[in-house]
Every structure is written in C-alpha cells, then in structure tokens.
Amino acid sequence: MTLPAQSSFFLAPLVAASGTALLVAEEEIQELDPTIVTAGRIEESLMETPYTVEVTTEAFILENSRRTLPESLQFTPGVLVQKTAYGHGSPYIRGFTGRQNLLLVDDVRMNNALYRGGPVQYWNTVDPYSLERIELIKSQGSVLYGSDAIGGTLNAFTKSSNFQFEDEGRFFNHGMGYYEYRSNGEGSHIGRLETAFGVGGEFGVLLGVTGKEFGDIRDSAVGLMQNTGYPEQDLDLRFDMALNPNTTLTVLHQNVNQDEIWRWHSTIYNPGWQHDGHVAAAGTYKSRIYDQERSLTYIKVAGEDPEEAAWISRWSATLSYQTGRDSEAQDRSAAAVDRRYQITEIDTLGFDLSFESPLADGTLVYGLDYYRDLVDSSGYRDRGAGLAYDPSFRPVADDSTYDLFGAYAQYVWRPVERLEITAGGRYTYAAAELGRYYDGAAKADLYGATRHWNDFTGSLRALYRINDCWNLYGGVSQAFRAPDLNDLSGNLTTRSGTPSLGSVDVDPEEFVTWELGGRYMTATRYFNISAFYTDISDTITSVPTAAGAGTSVTTNGQDGYVYGIELEGTWEFRPGWVFSGYAAWQDGRTETPAFFGGPVIEESASRLLPLSGSVALRWTHPSDRLWIEGRVLAVAKQDRLSASDRRDTQRIPTGGTPGYVVAMLHAGWQATDNLELTCGLENLTDEDYRSHGSGQNEPGFNAIVGAKLSW
C-alpha cells in the first residue's frame, strides 16, 4: 500500500478527512497497526486498544496548515472546535470542553485550578509546531490520568533529537526552518527554526523557536474583523540522555507568550452578523484584551528491563514545574468611565510515578501522581478617579492552594488469544485552601475557607478480535471532576457579558460513559464506528440568582446525558489514490434550575456538535514527491440550544448557528531532498460562517503558502 506523505503509518490516509496519522518511517514499523501510548499507559497497537483513538502528526499540521493545537482537531469526528477569540480555542469532545477534558504534554498534566466552566483558552498555549504527534483518547475516564478526563484525554508529545537513532559520534547538521504566509485579511506570518545536535547513542538536544504574527481576519459578510489578530512567541528546549542502555533522562523546557488577544465579539468592533435570517448581536465594550504566558519545565527518568522474568518491565518518574500568568483588561466605558483589570498567577509543582509489570496472563500498570497549585490573584477598577484595587473584581481567591493526589492500578488480562479485558481503579484526593475571596452577599473579603474531597473511580473495558481484520471494543468508564478554585471563588464575565460567581458549597461532578465500537483494517482499507452514552450527575453550572437576574452563581445544579455516534474510514482504491471521510452526530438533554429555587427546566445540552462530516480525495505521485488533496467539510445548522446558549447572543445567532459547506485544496511538492513546498486554498467559495459557539466568523477565502527547508 502506498501511503500519503504526511505519515507512514496505515492511519495516514485518514488524515485527509479526520486528521488521524502517526509519524515513523514505514520500513521501521508495522504499517498496518500503529502504536498507541496514552490509552493504557503501555505501548499497544491500535487494534489492541479498547478505546476510540485519534492521532495527529507534525506532518499533518504543516501540510494542512493547522495553525493552533485546537485547529489540528478540526477534522476529527466527535470534536467541535470552538473559538471565543481568534487567539483562543477550546475543543468540545463528545459534548464536553474546558475543564471537563484533560490536556497533557508528555504525560504531564496541564489542567490546573484556574480552568473555568465552558470554553477555555489554555489549549491554544501549546505550540503545535513543537510537537511530534498528538494522541486523543475519547471518553477514557479518570482511572489512568485523574480528574477532568470526561470527554477526552489529549496527550501532546514533544519533538526530540532522536539521538538514539543517530550513528555513533557527534551530529550537528540536523535542523529545519519553516515559513508560512496566509493571505486572508491583513495577512499572517508563521516562522519556526529548530536544530538538533548531540552524540549518537549518548545524548541529544533539540532547540526550537516559533514566531507568529496573525493579522486581522476578513470574511464576506462582516468584512475586516478589526483587532482579531495577535502576536505569539514560543520556545522549546529538550535534552535527552542515555544513562545506561535501558534508562533515559529527559529535561524539557517550553515557554509560550501571547499578547493583545481581543475577545472581539464583546467589543464595538463587532458590528453583529446576519445570515439567512439569523442575527448575532453587536458588541458593546470599547475593548476586552487578554495576555497569556505559560511555561513548563520537567525532568523525567524512564527505564525498562528487557528480561522476560523482570517484575517491573517499564517505569518512569517525572518532576514538573509550571508557571502561568493571565491578565484581562476590559473597557466598558459608556456614559461613565468603567475600566476593569484582572490578573492571576499560578505556579504548579507536579510528580508522577508509573510502573508496568507482567502478571500472569496480562500486564499491570500502576502508579501515583500529585500536583500542587499556588495561586495569586488581583482585581482593579477605574471609575474615572484612577486605577484602584477592587476585591470585588478579583478573578479567583488570592493566596490560595489546590492539591490533587491520585493512586491508580489497571490490569490488562488476556484469558484467550482473541479476548482482552481491561479493568482499573483510581483513588483521588483533592483539597482547596482559599486565601482571600470576595463574598458578594457580605460585600467584603472572607479568609481561610477549606474544602476537600475523596473519590474512587473505576473502568471496565474489553476488546474481542473477530479475525485478523475485525475487532469489537467497548465498556464502561467512570470520570470524576473535583471543584477547582474557579468553581469555589470565581468572578468571571461569561457568555455575552454575564457575571458568574463561584460558591464554596459546590461538590464534585460525576460521569459514567458507556461505549461500543468496531474496527476493520486491511492493507488498503480502514473503518471505525463507535457509539457512546455519557450519564451526567451533579455538574457544576452557573444559575441565575433570581428570576431575571443578571448575575449567576455556581451550583451542582445540572444532571443529564449526552450520546452520539461517530464513523470514519479510508480506502486506497488504486495505487496513489486515497478516499477518506468521517461523519459524527450528537444529542443530549440536561435538567437545570431556571434560577435558584426556581423550576427545573429540561432542555438541550449546551453547544452540542451539529451533524457534521467531511470527505477528501488525495493523489500522491508514484515518486512520493508530489501530492494534491481536496476536501469538503459540511456542518448542519445547530438549533438545539440551551437557555444559556440563547442568552449568548453575541456568539450564537438567534435561532441557532447556520450550517455551512466549505471546500479546500492543499498540495505539496518535495522540490529537493532538503526543500518542501506546500500551498493551500481554503474556503474556496468565500463562505461566511462560524463554528458553533465561537466569538467571530472563520476567515473567508485564504491562500496559504509554506516552505520547509531541512538540513
């Protein structure tokens, strides 16, 4: 089978429709059955994984011009990529987003105590150009990675020097430079330089720097959307060293800085949007600007014992340190001056210890992890007399800590050749200690509130191999999310300007997901179908304080369910020609009080993925030096709205978000052994559209050219 250039794994053809691929040389792997790591914390082939898995590679990101981590998931079945701002992005995975999905970088937990309800911007602070591949495990549950893993667990694996595959002796001449230009609106530029050096078989270093200057975007209905552009600077440094033939030391540091990201939908630069009778409201603020900084540093030691009788076959220990700084400036001035500023700073210490041991007719994975967040927070307001400290505008409790500890074990049992049963459990302890937090009823700061919770979650999965081509998989997984500092003490502006406050009385959320799926794989065909049902209990949601009130407060006020079906497939119908596609559909209902003490309202779940699908056709020249791919993406109208969706008038038009069909064309040419050229024509018909729940329309017609020079 001739595979597309973006990957040598079998799943690469699926990239054309769903962004699924892996990155390893074809001759070095079993091309029909790629290796997955995140699903079970062990290396296992896709056909042995009892979950629905999607994998995206560095090559797919470059060839398909995916400028952010969330956008790299745009063609993934079951995922809605919501963007409150052009510089933000929060994927809805099987109906869940933000703190109800878990983000990892090299197995290190990115979620922290500042993640708020609804969409968050933090997924956009992982530079996709620093990544080797991305693994998304849907509905995994909380057993292996802890709190928050409800809709999905995404593990972003960083690039390395691959020193272990180099010849003996020093190597210096490995690196690449990449440049991309986007024509839409004011034009955008992306550039990256990276280099790798070291001693083959002993150690290696990879250093990368990415610079991005995104201009304001334009579409055919709104025109130029002023202040949607923003700059970003990224740095990543990774050192790997062989301590002995079976043990490796890894040290990584990465830093991301984003400035002047406007929440355009809230501001006067948003004139509103009309499309086929649907109307999204105009903004009212003079400005609403976010700045974001994040860093991650970790030290990891990992080893394996090749002896067949070894009690511990693999192990790893990771110590991590993260920093983050968020700031938001709002200018709501109208008849009177009203400028507001919020700042949060967080430091996170983490430790992870994991083991893998053969046991009887299976494999046991077990370990523990601990994360501690230290948070400082402040708020200021200017009503015309100058900037002054205002505790009522503090975003979360100041001088606070949050601890999260977990211990887990999971056993993969193979009682017979064709059957694999996976069972596991996790104990979780979470504790929050609030420093200063503002009490709206008392109109004063309170001090020293503490809360803690214990939980046990379990998972039972099975996979049955019908034959060498077909398997069935499924099971039930519990998930758990402990309240974080935003739930307990948040003071946010949500939706289209609604104040939302935390409550120290909230308790954990609980979820149970049932899933059934099947896979078919041959040398030229791949097909996967999966169906899921997630039961929702005691979700923390914002409820108006009274009928018609403009302020909401968090409470465990929502129960419900979400279910859906996903299909994806690829077919190489003749050498060099690959047809691929996917389709996905979701539905769900929730029960939520209309206001505190008010009637319970049954309604559609918020921001459900509309019926959506994509088909693509890719041709690759027999030399593998030239490829062309065409794609059509179709999304139906989404008019199943919750009450909170209907109140979000600046982002969701009256009557729902209109459907759309967009076409795009991408191509690539390996001009020389060192130079690769790519180009793309996106939104060929200049359609005016937006992703459901987003704060601005997507760009109109966009010509994209890229060049990658390797050495």
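Me: Where does D559 lie?
Reply: D559 lies in strand β34. Keep in mind that this is a predicted model.

Me: Buried or exposed, or in between, for D559?
Reply: In between. D559 has 35% relative accessibility, so it counts as partly exposed.

Me: Which residues gather with it in the patch of negative charge?
Reply: E510, D535, D538 and E591 gather with D559 in that surface patch.

Me: What about nonpolar surface? Which residues make a patch there?
Reply: W571, F573, W577, F579, V615, L617, V632 and V661 make one. Its area is about 660 Å².

Me: Which strands each supply at least two residues of it?
Reply: β34 (552-574), β35 (577-593) and β37 (612-620) do.

Me: Why does V632 count as partly exposed?
Reply: Because its relative accessibility is 35%. Partly exposed runs between the buried limit, under 20%, and the exposed limit, over 50%.

Me: Where is N227?
Reply: In the loop between β14 (223-224) and β15 (230-244). N227 is at 22% relative accessibility, so it counts as partly exposed.

Me: What about D276, what's its phi?
Reply: Near 50°. That is positive too, again in a residue other than glycine.

Me: Which loop is D276 in?
Reply: The loop between β17 (273-275) and β18 (278-280).

Me: Is D276 buried or exposed?
Reply: Exposed. Its relative accessible area is 68%, so D276 is over the 50% cut-off for that class.

Me: Now sheets. What is the strand order in the open sheet of 5 strands?
Reply: The order is β3-β8-β9-β6-β7, and the pairing is mixed.

Me: Which strands stand at the edges?
Reply: β3 (53-57) and β7 (108-109). Each has a single partner strand, so one side of each is left without a neighbour in the sheet.

Me: How many bridges join β3 to β8?
Reply: 5 bridges join them. The two strands run antiparallel, and β8 covers residues 131-138.

Me: Which residue stands opposite V53?
Reply: I137 in β8.

Me: What holds strands of a sheet together in general?
Reply: Strands of a sheet pair through backbone hydrogen bonds, parallel or antiparallel.

Notes
Residues are numbered from 1 along each chain as its sequence is written. This is a predicted model: local features need pLDDT of at least 70, side-chain atom pairs count only at pLDDT 80 or more; totals for chains, interfaces and linings use all residues. Side-chain values use heavy atoms; hydrogens and water are left out. Patches are made of residues with over 30% relative accessible area and no salt bridge: like charges are joined within 9 Å, nonpolar side chains (Val, Leu, Ile, Met, Phe, Trp, Tyr) within 5 Å. Accessible areas come from the Shrake-Rupley method with a 1.4 Å probe; for residues, only the protein chains shown count as cover. A salt bridge is a side-chain nitrogen of Lys or Arg within 4 Å of a carboxyl oxygen of Asp or Glu. Helices (H or I, at least four residues) and strands (E, at least two) are DSSP runs, numbered from the N terminus. Buried means under 20% relative accessible area, exposed over 50%, partly exposed in between (1.4 Å probe, protein chains only). Two strands pair if DSSP finds at least two bridges between them. Lys and Arg count as positive and Asp and Glu as negative; His and the chain ends are not counted. The place of a charge is taken as NZ of Lys, CZ of Arg, CG of Asp or CD of Glu.
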